Amino acid sequence: MRKRVVSLVPSLTEAVAVSAPGALVGVTDWCTHPGDLGDAVRVGGTKNPDVRAIAELRPDLVVANEEENRAPDLAALRAAGLEVLVTGVRDLPQAFRELDRVLVGAMGLKRPGWLADAEAAWARVEPPRDSRAAFVPVWRRPWMVLGRDTFAGDLLARLGVRNVYAGHPERYPRIPAAELAAAGCELVVLPDEPYRFTADDGPEAFPGIPAALVDGRHLTWYGPSLAGAPEILAAALRAAVQGLPSRGESACQSSCGRRDDRP
């Protein structure tokens, strides 16, 4: 079992901390769950980790992610003689595979019960009978939305949200707010991370479009939060579209363009 782990990914920090209490010796400044990370040293941000501080911790393993961490930093860690495991998560099945690879394969742990609970929770989600055409901002100034091949987009698709930019060439395209507001979509999904959208910051840019304010941790993290994510996300989506007619298609399909039916 790997006894000394540094995590450069908040969701993996939670997964490791819950599965192997005491194993984490270093985490990023953005690692917030679980609330008590014990004596784990803060080693900087996901985009600017302190390579020297991490090396001085002498970890058996550094866990990272292709999207959250920069290749030069990971190369520097390897050059310092550290083993770095880089995850890639673009959809729910891949998230489960990568969690197995980190916790069971790399750390030598027994498969944690919460991982089985998360798989069961998502297996109970029935394929949606229809879907709501939507866009999903993840940043403001400039406005950026979910595009192709994203983990969050896959989760939303399983819950009946059809991301109209899922066919965009970019994974996080910049789309002007005026273009988004004029797209004719039925829903805007606003998570509270990475940008912290709130009832007073985000919905006002899209008047007349129902806004679902969702917990970013349940939408974008792959870890123990996945077990409760289906119910929590579905409740937020239901609250936003309550009273709207059910439909399987939308005028947004033709007006938004650059899309297909992939999550």
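In which loop does Pro34 lie? I located Pro34 in the loop between β2 and β3.

**Entry 1: basis of the notes**

I note that this is a predicted model, in which local features need pLDDT of at least 70, side-chain atom pairs count only at pLDDT 80 or more, and totals for chains, interfaces and linings use all residues. Residues are numbered from 1 along each chain as its sequence is written, and side-chain values use heavy atoms, with hydrogens and water left out. For the element names I rely on DSSP runs, numbered from the N terminus: helices are H or I with at least four residues, and strands are E with at least two.

**Entry 2: cis peptide bonds**

I returned to Pro34 and found that a cis peptide bond joins His33 to it, with omega about -10°. A cis peptide bond also joins Glu193 and Pro194, where omega is about 5°. I placed Pro194 in the loop between β10 and β11. Most residues other than glycine have a negative phi, and most peptide bonds are trans.

**Entry 3: positive phi**

I looked up Arg58, whose phi is near 50°, a positive value in a residue other than glycine. Arg58 belongs to the loop between α2 (51-56) and β4. Its relative accessibility is 61%, so Arg58 counts as exposed; the cut-offs are under 20% relative accessible area for buried, over 50% for exposed and partly exposed in between, with a 1.4 Å probe and protein chains only. Arg141 has a phi near 60°, again positive in a residue other than glycine. I found Arg141 in the loop between β7 (137-139) and β8 (144-145), and at 63% relative accessibility Arg141 counts as exposed.

**Entry 4: the five-stranded sheet**

I traced an open sheet of 5 strands in the order β3-β2-β1-β4-β5, with parallel pairing. Two strands pair if DSSP finds at least two bridges between them. β3 (41-42) and β5 (84-87) stand at the edges with a single partner strand each, so one side of each lacks a neighbour in the sheet. I followed the pairing of strand β2 (residues 24-27) with β3, which is parallel and has 2 bridges. Gly26 has Val41 of β3 as its bridge partner.

Helix α1 (residues 10-19) packs on this sheet and touches β1 (5-7), β2, β4 (61-65) and β5, its direction making about 165° with that of β2. Helix α3 (residues 71-79) also packs on the sheet, where it touches β4 and β5, and its direction makes about 155° with that of β5. Contact here means heavy atoms within 4.5 Å. Axes are lines fitted to C-alpha atoms, for helices over the stretch in contact, and angles run from 0 to 180 degrees between N-to-C directions.

**Entry 5: helix α4 and its partners**

How do α4 and α5 stand to each other, roughly parallel or roughly antiparallel? I found α4 and helix α5 (residues 113-123) packed at an angle of about 170°, with axes 11 Å apart. They are therefore roughly antiparallel; angles under 35 degrees count as roughly parallel, over 145 as roughly antiparallel, 65 to 115 as roughly perpendicular and the rest as oblique. Leu92, Phe96, Leu99, Asp100 and Leu103 of α4 meet Trp114, Leu115, Ala118, Glu119 and Trp122 of α5.

I then examined helix α4 (residues 92-106) against helix α6 (residues 151-158), whose axes come within 8 Å and cross at roughly 125°. That makes α4 oblique to α6. Leu92, Pro93 and Ala95 of α4 make this contact with Phe151, Asp154, Leu155 and Arg158 of α6.

**Entry 6: the buried side of α5**

I listed Trp114, Leu115, Ala118, Ala121 and Trp122 as buried in α5. They cover an arc of only 120° around the axis, which puts them on the same side of α5; the arc is that of the directions from the helix axis to the C-beta atoms. The cover over these buried residues includes α1, α4, α6 and α9 (229-241).

**Entry 7: strand β10**

I found 5 of the 5 residues of strand β10 (residues 187-191) buried, so β10 is largely enclosed by the rest of the structure. Leu187, Val189 and Pro191 point one way, and Val188 and Leu190 the other way. Strand β6 (residues 132-135) runs parallel to β10 and is joined to it by 2 bridges, with Ala134 opposite Leu187. β10 also runs parallel to strand β11 (residues 211-214), joined by 4 bridges, and here Leu190 stands opposite Leu213.
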